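Student: Please take a close look at one part of this structure, namely where its pieces meet, and follow the contacts from there in one connected account.

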Amino acid sequence: MLDASTLAMLKKEALDARIKTIECISSFGSGHIGGSMSIIETLVYLYYVEMKIRSDEPDWKERDRLVLSKGHSGPALYAVLAKKGYFPVSELMTLNQGGTKLPSHVDMLKTPGIDFTAGSLGQGFSAALGIAAAQRLQGYSGSYTYAIVGDGESQEGQIWEAAECAGAWGVDNLIAFTDVNGQQLDGYTEDIIPMHHLKERYETFGFDAYAINGHDFNAIADAVASAKKVKGKPHMIILNTIKSYGYIPGEGVKSNHSMSINEETKKSSIEALIKREEAGE
Amino acid sequence: MKDLSVYANYRDVVVGAAIDLAKEHPDVVFLDADLSSCIGSTAFQKEFPDRFFNCGIAEANMAGVAAGMASAGLTPFIHSFACFASRRDYDQLFISVGYTHQVVHVIGSDPGIVAQYNGGTHMPFEDIALFRQIPGFNIIEPSDATSLYSLTQQLYDAKKASYIRTPRKGISFRYTADDTIELGKAKVLRDGSDVTIVATGVIMVDTALAAADALAAEGIKAAVIDLHTIRPLDTQTIESYAQHTGHVVVCENGRYPGGTGEMIARHLAMTYPVKMDFMCVGDEFGQVGSLAYLKSAYGFTPEILADKVRKLLH
């Protein structure tokens, strides 16, 4: 359970990250708004409270690392990294421009603070497992690797190759999240390949698993705290989320994976979000 | 250089080179995909149990895990049969390793017809072409134990991802410790003025030397080049011998599209065009059989190579 001041800080930063994500995508005109907005609380919690990082030394060897396996959600991570000081906030307005440091799919060679490249779905989870195994071998016993996987992404077979391997090896410094926002590019996962019983699936694969409301900071904090107490198993926190949460024009919309956001929609959606937050809805 | 007579097979040589690197460099780790007893990486596991990872029959994950490890400062060697080491994990090698500039060394064992009794499902003729599409990968196919050991060690020093194409069984010593084997520098095994035979790997270099002997008896002087490093291509030696002999035949235990022959033909087309021919697999899949049967089935014999040379010269 988070104290009131921390919770207030996190909520404030989440609102700011959502606004910056909308602005970032709008600067290009369109982008992966849905899956970016559904992981905001997780990213804000990890980078503001949990992770052992140095924004002025992004390559610090003993740092905690985060692999955004659903790499198309880059704008959300960029919003958080910019605010944390990895690069100027103004660079958020260069998304996908030629020569940018911020491609829509995360790229470790381009962006300070990105710990691994992702975009070809399924691959980041394996990389995260490799990083976590390396941290153990190198004796960085207090270092963790976090991975964020999508529910649609979990249709990739490699996710389950990595899961069975992580479970078999008992890599307990790997703390993964699956963002179950229930939607993928073509529509609802329920109508395409349903992702049922994910918590139970991961438990069967040897994980210490949780299922929580992915927009509840207290639930995220409690799950991570519990995960860190369980030794000998990797951890999976299933985040039940709403795709496009906070970008109100996309909420409840079937095709909200990637959306066009023009200047007018940007302004009106940010105003509507602030109004809703102030009303405490 | 180490006394390599302690090794009985090529697999012992490549794993032995990795073990010796691991003794010197704590970052070296080995990952296998349930084929550790086939390549003998069990020896690495015995020596460094904490630095050996059996990933099970899941090559895509193995390549991704290796990429993650590399990003955290380790230097992984990963192994599977060449068919799986190239095809089952190709997007992972392309994106998670190649695109991210991670240094991962991929050992693909029993390439081409060396797969023999595992048959067509296990017989990659396309692996060279596939690795050539990934920018930055070094590619080697040594023709003997000495060069296999030496080049594997040099690949570590090169600090770039690599593909090591090698048979598992058998052993031969073409070179001694006194020979200089240099990554990216082709080895001229035999000089000649009429034709240059460029060959990669044990089978093709043996075939080229045997063909050169037969041709010599007819007064045809064939130069033979051991192209142990496919990438980076030793353009200097290739160009110089193309100019010197005016005819080039490229021999590879692989398929033509995207392969070594095509690579050399492209280079010579731009620099010093000469008449060329190729010993390789055409638009065909692999099949089961003994090595002798497969050599005959795909035309990988000294007789056929000598015949290609005769036709090229006329």
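Tutor: Chain A puts 22 residues in contact with 25 residues of chain B, contact meaning that C-beta atoms placed from the backbone lie within 7 Å. This is a predicted model, in which local features need pLDDT of at least 70 and side-chain atom pairs count only at pLDDT 80 or more, while totals for chains, interfaces and linings use all residues. Residues are numbered from 1 along each chain as its sequence is written, and chains are lettered from A and ligands numbered from 1 in the order in which they are written.

On the side of chain A that touches chain B, two or more residues come from each of helix H5 (123-137) and helix H6 (157-169) of chain A; helices (H or I, at least four residues) and strands (E, at least two) are DSSP runs numbered from the N terminus. H5(A) has the largest share, with 11 residues. By type, this side holds 12 nonpolar, 8 polar and 2 charged residues, where Ala, Val, Leu, Ile, Met, Phe, Trp, Tyr, Cys and Pro count as nonpolar, Asp, Glu, Lys and Arg as charged, and the others, Gly among them, as polar.

The largest nonpolar core has 181 residues, and A:Leu129 and B:Ile197 touch the most other members. Such a core is a set of buried Ala, Val, Leu, Ile, Met, Phe, Trp, Tyr and Cys residues joined through C-beta atoms within 7 Å; buried means 20 or more other C-beta atoms within 10 Å, exposed 12 or fewer, and partly exposed in between, with C-beta atoms placed from the backbone. Domain 1 (4-166) and domain 2 (187-313) of chain B both give residues to this core, so it lies between them; the bounds come from an automatic or database domain assignment. Leaving out residues up to four places away in sequence, B:Ile197 touches B:Ala208, B:Ala211, B:Ala212, B:Ala222, B:Ala223, B:Val224, B:Val249 and B:Cys251.

The C-alpha centres of these two domains of chain B are 26 Å apart. Their contact takes 25 residues from domain 1 of chain B and 31 residues from domain 2 of chain B. On the domain 1 side, helix H7 (127-132), strand S5 (138-140) and helix H8 (145-158) of chain B each supply at least two residues. That side divides into 13 nonpolar, 7 polar and 5 charged residues.

B:Val106 belongs to strand S4 (residues 105-109) of chain B. B:Val106 counts as buried because it has 27 C-beta neighbours inside 10 Å.

Notes
Two residues are in contact if their C-beta atoms, placed from the backbone, lie within 7 Å.
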